[in-house]
Amino acid sequence: MFESWECFTGNVKNRCCGLVCWGAGVDTSRMSLYDEPIGEAGSDSFWEVGNYKRTVKRIDDGYRLCNDLMACLHERARIEKAYATQLTEWTKKWRQLIEKGPQYGSVATAWKGLMNEADNVSTLHVDMRTQLMSKDIETIKGWQKDAFHKQMIGGFKETKEAEDNFRKAQKPWAKKLKEVDANKKLYQAACKEEKLAESRDNQSKTDPAQPPDVQRKLAEKVERCKAEVQKSKDRYQKVLVDLNLANPKYMEDMELVFDQCQEAEGKRLSFFKSVLSSVKVHLDLSNNDKFAAIYRELQQDISSIDPEEDLKWFRNTMGAGMPMNWPAFEEYSPDTNRTISKREKSRKAPDGVTLTNMTQAGDYTTARANTESFEQNQNFAGEWSDEEASNPFGGGTNGHSNPFEEDGTPAATGVRVRALYDYDGQEQDELTFLTGQEFIKLEDEDEQGWCKGRLESGKVGLYPANYVEPI
């Protein structure tokens, strides 16, 4: 917009905002504002008319940047929540698998320590999300509300005030600049007219056919044009001097408003610095005592793994170190046969009716106690018997036989019944069935409330009589 305008009113040459000033006594104390030179005339300088709008625009940008920072932190908070949820789901899944799996002892405990670590880290990330949402974002929202005041007609009060102050500071100088531009155009037009008149006059002098009165008029035209050029030049130089003299005041007023905008922007930048520092504290788990304690605890769980102790536990609990009630000779007693042994156990149907309630006396009590003690220390469901047909480890096809079969031939066809309840056989010679399942009753109920039956699969065994109904 600016060109190098020169004013010949003195011997001192100064430069200010791209303007060349020739004016004795002009105050240039505010013309060199920065170490770096201000842009030359015609550059996209702040001092050009209207270029203050970039400074004013920062106010609106500051409001938008507050919204952007809140949106940024809100998205990070959603990420933290999703991560915490995934950790919790992962913990729940693998804790169940470990508890139901074959791993045992201190290794299982340490493995579960990983689940505890995930639970605790999940809690920290939930806290992080809470801090971002309830503290950081709310802090930004409150500062934004105090720093920017919306107007009813749109925009912000701060933007309008800055715009008005800049326009007020620039208006006198801009008016002088407009006058300089007008006089510049007049001066340049006069110079152009002078050149044209001189060209015509020179042509007429070389043309013998040109009448003397025409030559005289062209010469007079040249004189008038020269006078007009000098006159427009004087006016142009005068308004240019006035403009240059107004430069210091113009710069002072503009800088005053600019400094106010800088101060407001500085507050925003400092606030953003404090907010980001707070966010860093919330995100930096490396300085969180709880976070460090989580991994100290995990390290303790891992360090507590003792393979030798685990092997010892398994040996004494599941292996060769387990106690055993070795079989001993027992005298024969009618009350200790297999059938009575099965019937003496108290069974209750779903309605609470006791299936058996037998009271044994004499040697049977001692014999039964020995039998039960023996059964509690076995990993299989079965009882020893002197009879080969009832021994699950001898006789029959594939090394075993069904005690309810005679010579390998199933019992005769009986009455068809339907199960009223689910029943899970507790011993090898008992049937297992579900509610509604149909099968064959081979023998009637005995005095202890048990019947013999055969499933569709062909298995024959005992079941509670009141668990079924005839079809």
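Biologist: Are α2 and α4 roughly parallel or antiparallel to each other?
Modeller: Roughly antiparallel. Keep in mind that this is a predicted model. The axes of α2, residues 105–147, and α4, residues 212–283, cross at roughly 170 degrees and come within 10 Å. Anything over 145 degrees counts as roughly antiparallel, so the label follows from the angle.

Biologist: Which residues make the contact there?
Modeller: On the α2 side you have Met128, Gln131, Leu132, Lys135, Asp136, Thr139, Ile140 and Trp143. From α4 come Lys267, Arg268, Phe271, Val275, Ser278, Val279, His282 and Leu283.

Biologist: And how do the residues of that contact divide into nonpolar, polar and charged?
Modeller: The contact of α2 with α4 has eight nonpolar residues, four polar ones and four charged ones.

Biologist: Let's pick Phe271 from that list. Is Phe271 buried or exposed?
Modeller: Phe271, which sits in α4, counts as buried because its relative accessibility is 10%, and the cut-off for buried is under 20%.

Biologist: What is Phe271 in contact with, leaving aside its neighbours within four places in sequence?
Modeller: Thr139, Ile140 and Trp143. Take Ile140: in sequence, 131 residues separate Ile140 from Phe271, while their C-alpha atoms are 8.6 Å apart in space.

Biologist: New topic. Where is Leu65?
Modeller: Leu65 is in helix α1. With a relative accessible area of 30%, Leu65 is partly exposed.

Biologist: Which residues does Leu65 contact, apart from neighbours within four places in sequence?
Modeller: Arg268 and Phe272. Leu65 and Phe272 are 207 residues apart along the sequence, and C-alpha to C-alpha the pair is 9.7 Å apart.

Biologist: Back to helix pairs. What's the angle between α1 and α3?
Modeller: About 170 degrees, with the axes of α1 and α3 9 Å apart. α3 covers residues 157–205. That angle is over the 145 cut-off, so α1 and α3 are roughly antiparallel to each other.

Biologist: Which residues of α1 and α3 meet?
Modeller: From α1, Lys53, Thr55, Val56, Ile59 and Asp60; from α3, Glu158, Thr159, Ala162, Glu163 and Phe166. The contact of α1 with α3 divides into four nonpolar, two polar and four charged residues.

Biologist: What about loops? Where is Ser45 found?
Modeller: Ser45 is in the loop between β2 (19–22) and α1 (53–100). Ser45 is buried, with a relative accessible area of 11%.

Biologist: What does the side chain of Ser45 reach?
Modeller: The backbone nitrogen of Trp47, at 3.1 Å.

Biologist: Okay, cysteines. How many disulfides are there?
Modeller: Zero, counting pairs of cysteine sulfur atoms within 2.5 Å.

Biologist: Is Cys66 buried or exposed? And Cys261, buried or exposed?
Modeller: Cys66 is buried, at 0% relative accessible area. Cys261 is buried too, with a value of 10%.

Biologist: Last bit, the whole chain. How many helices and strands are in the protein chain?
Modeller: Eight helices and seven strands. The protein chain has 471 residues, and buried ones make up 34% of them.

Biologist: And what share of the contacts with a separation of 6 or more joins residues 24 or more positions apart?
Modeller: That share is 64% in the protein chain.

Conventions:
Residues numbered from 1 in each chain as written. Predicted model: local features only at pLDDT ≥ 70, side-chain atom pairs only at ≥ 80, totals over all residues. Heavy atoms only, no water. Buried < 20%, exposed > 50% of the residue type's maximum accessible area, 1.4 Å probe, protein only. Axes fitted to C-alpha atoms, helices over the stretch in contact; angles between N-to-C directions. Helix = DSSP H or I, 4+ residues; strand = E, 2+ residues; numbered from the N terminus. Parallel < 35°, antiparallel > 145°, perpendicular 65-115°, else oblique. Contact = heavy atoms within 4.5 Å. Nonpolar A, V, L, I, M, F, W, Y, C, P; charged D, E, K, R; others polar. Polar contact = N/O pair within 3.5 Å; in protein donor to acceptor, adjacent residues only side chain to side chain.
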